[in-house]
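Please look over the structure below with an eye to how its parts meet. The briefing then takes the contacts inside one chain and those between chains in turn.

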Amino acid sequence: MSRAVLAGVVAAVRRSVSQVCDPEYPEVTIAELGILEGVSSSDGGSTVRIELVPTMLGCPALDVIARDVTDAARTACAGADVSIEVTFVDDPVWTPDRIAPSAVGFLAREYSVAVRSRSATASCPICGNDALEHRSDFGPTPCRSVEWCPSCRNPIEVVGRVDMPAAMEAAPASPALA
Amino acid sequence: MTDSAPEVMDGAREMVLALADDELCIGQNLAWWIAVGPFLEEDLALTSISQDELGHARALYGLLGDDVDALAYARQPHEYRSAHLTELPCRDWGETLVRHFLYDTAETVRWAALADSSWEALGAVARRALAEERSHLRHATGLLSRLLRTEAGRSQLLPLFDQFTPMACELFELPPGCAADDLVAAGIMARPLSDQRAEWQAAVDEAVASAGYQPQWPADSAIPASASGRAGQRSAHFAALHAEMVEVLSIDPTAVW
Ligand SMILES: [Zn+2]
């Protein structure tokens, strides 16, 4: 396969897998959620490698996502003589900061789900109040925690546990038993 | 992969198997609380923590081979390396809380000692898991410190420390044939297990000191190999736990995680 053809195949796979949606939020793509890390050719052009970042190591949707990504990649490179490799990588670590602003807005509007990130305080997706009160690190899925909005008096699901972005950023060399 | 000598890597793989088996057993035991937790938030918390621990087990088994299911489920009992603490059913919520505190405190120390491992893939899993561990630890210490402020909490929980701490020391033991000194020398593990255990004991001591309590710690290597989970001896609880794990697979051998 020529270099130009290979580049075309990789680009087609990238386009295709970028459109794969999350099983939990079927209108939001894995690219918008920051789960898709990269698409590249490897093994001298015989393999197209797709790297995914798991939100949590124990996320039960990982297998579904890997299967959907593999299917999308196979479809995109049909006819080309390449194999597909889908890998979950441990580095970088996923944080809610990886979610695209468009998806943050969509999740708030359509699912009443807020997103915790370093760049913005989570505000209430229902009334806009930005002084949510923490209730529990553990919500309906391992990657979601629960807050309470004192303004509109609703429990609010928030993507990300309380210290998740900070914890993932911190150098892990010293134990965190403080 | 690291460039350590093959016999050192064999030891490192034995250690990873032990850590993975700990996670598998504790994850499976915590899953028992689904829908029967003492209150809704606790039900969700134990369920999420269970999923996290099973995810850690899966990532660790993944360092040892491609067939994670075979590693997790299809070994003979004597081939598992889990510490006996992790095999306890803990059907009483107080038992679950004390075990959870002892285990997640220990895990935080263990992961931190592996975070900069010369076995790069292991280091990446450790850093990833460590980030998830903080919420577990906050959950355990938050509940424990609040309950220890009450007389009922102290009278129910403190005796469990006497019961569990000797067993919990096994979390800082390695399978036979796994030379801890070599792992430290090769940079696979940052610190000797004796250091790690001391840090863990100090953290446990501090958590219960406010309740006027001092756990009785056994001397080093209190567990004889003949009774050690690390050496392949399974506790009385393992058979039932394992039967539960493979229940679906025994109905449908092609089922996947
Ligand atoms: Zn509100």
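What follows describes a predicted model, beginning with the domains and then turning to the chain interface.

**Domain layout of chain A**
- Chain A is divided into domain 1, covering 3-88, and domain 2, covering 98-166.
- Taken over C-alpha atoms, the centres of domain 1 of chain A and domain 2 of chain A are separated by 28 Å.

**Interface between the two domains of chain A**
- In this interface, 13 residues of domain 1 of chain A are in contact with 15 residues of domain 2 of chain A.
- The two domains of chain A bury about 1200 Å² between them, and 61% of that area lies on carbon and sulfur atoms.
- Of the area that domain 1 of chain A buries against domain 2 of chain A, 48% is supplied by Tyr25(A), Glu32(A) and Met56(A), which is more than any other three residues supply.
- Two salt bridges are found across this domain interface, and seven residue pairs are in polar contact there, both residues at pLDDT 80 or more.
- On the side of domain 1 of chain A that touches domain 2 of chain A, there are seven nonpolar, two polar and four charged residues.
- Glu24(A) forms a salt bridge with Arg144(A), with the closest N and O atoms 2.5 Å apart.

**Interface between chain A and chain B**
- Here 27 residues of chain A are in contact with 36 residues of chain B, and the two chains bury about 2600 Å² between them, 60% of it on carbon and sulfur atoms.
- Between chain A and chain B the count is two salt bridges, and Arg58(B) forms a salt bridge with Asp63(A) in which the closest N and O atoms are 2.7 Å apart.
- The side of chain A that touches chain B has 16 nonpolar, five polar and six charged residues.

Terms used. Residues are numbered from 1 along each chain as its sequence is written. Chains are lettered from A and ligands numbered from 1 in the order in which they are written. This is a predicted model: local features need pLDDT of at least 70, side-chain atom pairs count only at pLDDT 80 or more; totals for chains, interfaces and linings use all residues. Side-chain values use heavy atoms; hydrogens and water are left out. Domain bounds come from an automatic or database domain assignment. Contact means heavy atoms within 4.5 Å. Buried area is the accessible area (1.4 Å probe) that two parts lose on being put together, summed over both. A salt bridge is a side-chain nitrogen of Lys or Arg within 4 Å of a carboxyl oxygen of Asp or Glu. A polar contact is a pair of N or O atoms within 3.5 Å; within protein, one must be able to donate a hydrogen and the other to accept it, and residues adjacent in sequence count only if both atoms are side-chain atoms. Ala, Val, Leu, Ile, Met, Phe, Trp, Tyr, Cys and Pro count as nonpolar, Asp, Glu, Lys and Arg as charged, and the others, Gly among them, as polar.
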